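This report covers selected side-chain and helix geometry in one model. The sequence and structure come first.

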Amino acid sequence: MTVREEAAAPDTYKPSARRIERERYRRARTRRAFAVAAASSLVTGGALVALVVGSPGWQRTRETFFDGHYARLALPKVLDGLWLNLRLLAVCGVVVLAAGLLLAVLRTLRGPVFFPVRALATGYVDFFRGLPLIICILLSAFGVPALRLSGVTPDPVLLGGFALCLTYTAYVAEVFRAGIESVHPSQRAAARSLGLSSAQTMRYVVLPQAVRRVVPPLLNDLVSLQKDTGLVSIGGAVDAVYAAQIIASRDFDYTPYVVAGLVFVAITIPMTRLTDWVAARMSGRQSQAGAV
């Protein structure tokens, strides 16, 4: 057996004393950091609990916002309303992604002949990014039925979802446009030199890179959309928020609002962690590509 084969054999490898000592130090430092973080969290949490519970109005606040009876009463109705929020999220999410991508492509068209298209797309984005979402929902839910147009539904769910799509399409279009413009012009030039048309270059070269780069901000917009689906209750749609409002206004107890908020948080946190994981993974891939 040669010297190289002996070095490659797994049975002959033995870590040095310095390496063993280094690994032992790292494990000790990790345990110490975990203990310090746990102790700090416990102290901070205990101080906050003591501050809230020891306040003069805690008893009244607990009865008004944290009543177990009303929480058990509200939870089934809030979950029934949440099903509407989830359906809105699924449908509006697909529409927003498709419309936003189309709008971003229209804004990046080149040539003077496409100036009217670029101007209309830019005006749409500027208008709906500046218009508050709540006003857009009010105008859609109450203004559209007031027109009494033939064939237009007065359903507050559809009108509220339409307002969500209008607003979030503008935001998502800007995210896609940023991704498209981040692709280096040399990519377009190389694709055109290979004989691809402008449409083929956009489809096969630019868009795959652009979409991959903007996945984390798109997931952030999806998280925001999930929360804002609760605003459709302004038009009268019985979602999780409106279900909580019905119980709260009937019994003059605000615990159902807290239940609805916690339900939204329980859905949002996994989506946020997924966004962080995707962002970290993509950042790691870019770092590895840069190292190569």
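## Phe66 and the aromatic pairs

Phe66 has a relative accessible area of 46%, so the residue counts as partly exposed, since the class runs between the 20% limit for buried and the 50% limit for exposed. The model is predicted.

Aromatic pairs were searched for over the whole structure, and six were found. In one of them, the ring centres of Trp58 and Phe66 lie 6.1 Å apart with 35° between the planes, and the pair is therefore tilted.

## Tyr254 and Tyr257

A stacked pair is formed by Tyr254 and Tyr257, with 6.1 Å from centre to centre and 20° between the planes. Tyr254 is partly exposed, at 40% relative accessibility. Tyr257 is partly exposed too, at 34%.

## Helices α5 and α7

Helix α5 spans residues 115-130 and helix α7 spans residues 156-182; their axes come within 8 Å and cross at roughly 120°. That angle makes α5 oblique to α7, because the roughly perpendicular class ends at 115 degrees and the roughly antiparallel class begins over 145. The crossing of the two helices is left-handed.

On the α5 side, the contact involves Tyr124, Val125, Phe128 and Arg129.

## Thr268 in helix α12

Helix α12 covers residues 255-291 and includes Thr268. With a relative accessible area of 11%, Thr268 is buried, because that class takes in values under 20%.

Which residues does Thr268 contact, leaving aside its neighbours within four places in sequence? They are Val223, Gln226 and Lys227.

## Lys14 in a loop

Lys14 sits in the loop between α1 (3-8) and α2 (17-53). Is this residue, Lys14, buried or exposed? Its relative accessible area is 70%, so Lys14 is exposed.

Lys14 and Trp83 are 69 residues apart along the chain, and their C-alpha atoms are separated by 59 Å.

How values were computed
Residues numbered from 1 in each chain as written. Predicted model: local features only at pLDDT ≥ 70, side-chain atom pairs only at ≥ 80, totals over all residues. Heavy atoms only, no water. Phe/Tyr/Trp six-rings, centres within 6.5 Å; stacked < 30°, edge-to-face > 60°. Buried < 20%, exposed > 50% of the residue type's maximum accessible area, 1.4 Å probe, protein only. Axes fitted to C-alpha atoms, helices over the stretch in contact; angles between N-to-C directions. Helix = DSSP H or I, 4+ residues; strand = E, 2+ residues; numbered from the N terminus. Parallel < 35°, antiparallel > 145°, perpendicular 65-115°, else oblique. Left-handed = near helix turned anticlockwise from the far one by under 90°. Contact = heavy atoms within 4.5 Å.
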